[in-house]
Amino acid sequence: MAKLVYGMNQSLDGYVDHLKLGPPRPALFGHFTEYVRGLTGSLYGRRIYEIMRYWDEDRPDDDEADHEFAAAWRSQPKWVVSRTLKSVGPNATLVEDDIETVIRGLKAQLIGEIAVAGPDLAGSLTNLGLIDEYRLYLYPVVLGRGTPFFSGPRPPLRLIASDPIGEDVIRLTYVPA
């Protein structure tokens, strides 16, 4: 059975904003590349999927680390939950209806980890009891506003691990309590 893992970079005050947090430093970027390589697939909300589509194209100015991440991202299956998109890119499947049945089916049929990206999608999956693990990558900044990591009330959680990643990020891993 596959495990759904919701993880995103966030500020100390709980906001996710890739533009304000900036690009990950090399150690964290390498961590994410290795993580993506090991995934069974990824489940995206529309907004985060549109941001991640950046990796669908080769760019001549990209460095080796960018090429490695892009190759890992392109190779994995992706499921995109959206009622507004009409199509998705390569190696991606659009999920428009009956999200709960589709996700429960993926969990039952697949083995390994499926990454969940997007606070609204994660909130919906949390409400359905489908998220198995939460990974908060804490940046040492305070944003003061933005999109919160948890789109609704925070579920009861139990800390199972804390790991430094690179020079300034700490990954906190929680499971539902």
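Which helix gives the most to the lining of the second largest pocket? I began my notes here, and I found that helix α2 (residues 26–37) does, with 3 residues.

**Ground rules.** I am reading a predicted model, in which local features need pLDDT of at least 70 and side-chain atom pairs count only at pLDDT 80 or more, while totals for chains, interfaces and linings use all residues. Residues are numbered from 1 along each chain as its sequence is written, and side-chain values use heavy atoms, with hydrogens and water left out. Helices (H or I, at least four residues) and strands (E, at least two) are DSSP runs numbered from the N terminus.

**Pocket.** I noted that the second largest pocket holds about 170 Å³ of space, and that of its 14 lining residues the closest to the centre are Pro23, Arg25, Tyr139, Asp168 and Val169. A pocket here is an open set of points on a 1 Å grid over the protein atoms alone, where a 1.4 Å probe fits, with protein on both sides within 12 Å along at least five of seven lines, and a lining residue has an atom within 4 Å of a point. Its volume is the space filled by probe spheres set on the points, which are joined across faces, edges and corners. I sorted the lining into 10 nonpolar, 1 polar and 3 charged residues, where Ala, Val, Leu, Ile, Met, Phe, Trp, Tyr, Cys and Pro count as nonpolar, Asp, Glu, Lys and Arg as charged, and the others, Gly among them, as polar.

**Tyr139.** I then looked up Tyr139, which sits in the loop between β7 and β8 (147–148) and is buried at a relative accessible area of 7%. Buried means under 20% relative accessible area, exposed over 50%, and partly exposed in between, with a 1.4 Å probe and protein chains only. Beyond its neighbours within four places in sequence, Tyr139 is in contact (heavy atoms within 4.5 Å) with residues including Asn9, Leu21, Leu28 and Val169. The C-alpha atoms of Tyr139 and Gly14 are 9.7 Å apart, although 125 residues separate the two along the chain.

**Strand β10.** I found 6 of the 8 residues of strand β10 (residues 169–176) buried, so the strand is largely enclosed by the rest of the structure. Strand β7 (residues 133–138) runs antiparallel to β10 and is joined to it by 5 bridges, while strand β9 (residues 157–165) pairs with β10 in the antiparallel sense over 8 bridges; two strands pair if DSSP finds at least two bridges between them. Arg171 in β10 stands opposite Tyr137 and also opposite Asp163. In the hairpin of β9 and β10, with 3 residues between the strands, Gly166 takes a positive phi near 70°.

**Salt bridges.** I recorded 15 salt bridges, each a side-chain nitrogen of Lys or Arg within 4 Å of a carboxyl oxygen of Asp or Glu. Arg46 and Glu50 meet in one at 2.9 Å, N to O, and because they are 4 residues apart in helix α3 (residues 46–52), about one helical turn separates them. Arg47 and Asp120 form another at 2.3 Å, N to O, and this pair links distant parts of the chain, helix α3 and helix α6 (residues 119–127), 73 residues apart. Lastly, I noted that Lys3, Glu113, Glu133 and Arg135 are linked in a network of salt bridges.
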